[in-house]
Amino acid sequence: MSRSGYDAVVDVDDEGDLGHTDLREDLEFHQSNFSSTTNLNKPSGLPLPATASSSAGGQSGGKKLIWTLGFYSQFFDVDTTSVLQRCWAALFPRANFLDVLEGNPDLYGPFWIATTVVLILFLGGTISDYLASTGRGNFAYDFRLLSGAAGLVYGYTTFIPVVLYLALRYFGSESANLLECWALYGYSNLIWIPVALVSWSPIKILNWVFVGVGFGVSVAFLLRNLYPVLSATDRQTSKVLLVAVVALHFGLAIAIKVLFFAHGSPLPGGKEETGPGTGGGDGDGGDKQAMFF
């Protein structure tokens, strides 16, 4: 009985005075179901309230370990519409890109943009190399173009934002955010997709123009959106960082032009140029390749 609940029904007399109630005659006891519906420590068979489940889920979902998929999935929490809007804002910027991100920088767009650039650089570089070797015998694909493009694009997009973020934090910029830096550099690569599609032409001056346009659009996008963050440091430091951003991006543009859209590119090692009268082209190409990679 001590573990069961009971309800007490009191028969109040006509005078409304509980003081004159006879407990033996006027009180009725029967089994109660009150404890089963109000005791939160015992399961009642009903789902928890929405507030309770959300608070419990918030506590359990708040900690995401770095070696779990849940930790990385939060960086890809974006839909196709948002990615397309961000791509459009990167090509035709009308507002600050950090405002377009709306506090939710993603790695989905930067990853697939970089992957697309790698594949198109490989295809464009292969076509350029094929046109350069026409009439010299059988043409063989060189998949070092693919590994070279992957190393160049993924390495630049991954490590340069990290270095920039660490520099900003070191010089006292509290607004620096690593994910935003990755997103900026990732979406800035979008312009290299159309550039890579048209820069396999054997007309060298056109290739330089196309690469120059790609460099101008992408570096303007970076400077426009990085300037508010860089200006949070002192004036001299912000100038040095701005020059470093432009110089590194210029190096990327030159590497793309020389390695993938120059006839006799040093990346394949110049094996089609070997033979009488080549003047040791293979050795020179091999030395340049070793220098870049």
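Let me start with a definition: helices (H or I, at least four residues) and strands (E, at least two) are DSSP runs, numbered from the N terminus.

Before we go on, a word about what you are looking at. This is a predicted model, where local features need pLDDT of at least 70, side-chain atom pairs count only at pLDDT 80 or more, and totals for chains, interfaces and linings use all residues. Residues are numbered from 1 along each chain as its sequence is written, and side-chain values use heavy atoms, with hydrogens and water left out.

Now the overall picture. The chain has 13 helices and two strands. Of its 293 residues, 36% are buried, where buried means under 20% relative accessible area, exposed means over 50%, and partly exposed is in between (1.4 Å probe, protein chains only). Next, take contacts, meaning heavy atoms within 4.5 Å. Among those between residues at least 6 apart in sequence, 67% join residues at least 24 apart.

Back to Thr-233, then. Is Thr-233 buried or exposed? Thr-233 is buried, at a relative accessible area of 9%. Its contacts, leaving aside neighbours within four places in sequence, are Leu-168, Phe-171, Ser-173 and Ser-238. Take Ser-173 from that list: Ser-173 and Thr-233 are 60 residues apart along the chain, yet their C-alpha atoms are separated by 5.7 Å. The side chain of Thr-233 also reaches the backbone oxygen of Leu-230 at 2.6 Å. That is a polar contact, a pair of N or O atoms within 3.5 Å; within protein, one must be able to donate a hydrogen and the other to accept it, and residues adjacent in sequence count only if both atoms are side-chain atoms.

Let's turn to a pair of helices. Two packed helices are described by the angle between their axes and the distance between the axes. Here we have α7 (residues 108-132) and α8 (residues 144-170), whose axes come within 9 Å and cross at roughly 145°. Axes are lines fitted to C-alpha atoms, for helices over the stretch in contact, and angles run from 0 to 180 degrees between N-to-C directions. The crossing of α7 past α8 is right-handed; a crossing is left-handed if the near helix is turned anticlockwise from the far one by less than a right angle, and right-handed if clockwise.

Which residues of α7 and α8 meet? On the α7 side they include Phe-111, Val-118 and Phe-122, and on the α8 side they include Leu-145, Val-153 and Tyr-154. By class, this contact of α7 with α8 has 13 nonpolar, three polar and no charged residues. For these classes, Ala, Val, Leu, Ile, Met, Phe, Trp, Tyr, Cys and Pro count as nonpolar, Asp, Glu, Lys and Arg as charged, and the others, Gly among them, as polar.

Staying in helix α8, look at Thr-157. Thr-157 is buried, at 8% relative accessibility. A polar atom of its side chain lies 2.8 Å from the backbone oxygen of Val-153. Not counting residues up to four places away in sequence, Thr-157 touches Trp-182, Tyr-185, Gly-186 and Asn-189.

That leads us to Ser-188, in helix α9 (residues 178-188). Ser-188 and Thr-157 are 31 residues apart in sequence and 9.4 Å apart in space, C-alpha to C-alpha. Ser-188 is buried as well, at 3% relative accessibility. Its side chain has a polar atom 2.7 Å from the backbone oxygen of Tyr-185. Beyond its neighbours within four places in sequence, Ser-188 is in contact with Ser-218, Phe-221, Leu-222 and His-249.

Now for charges. Side chains of opposite charge can pair when their charged atoms come close. How many salt bridges does the structure hold? There are two, a salt bridge being a side-chain nitrogen of Lys or Arg within 4 Å of a carboxyl oxygen of Asp or Glu.

One joins Arg-86 and Asp-106, with the closest N and O atoms 2.4 Å apart. Arg-86 is in helix α5 (residues 80-91), while Asp-106 is in the loop between α6 (97-101) and α7, 20 residues apart. Arg-86 is buried at 4% relative accessible area, and Asp-106 is buried at 1%.

The other is between Arg-169 and Glu-174, at 3.8 Å from N to O. Here Arg-169 is partly exposed at 38%, and Glu-174 is exposed at 65%.
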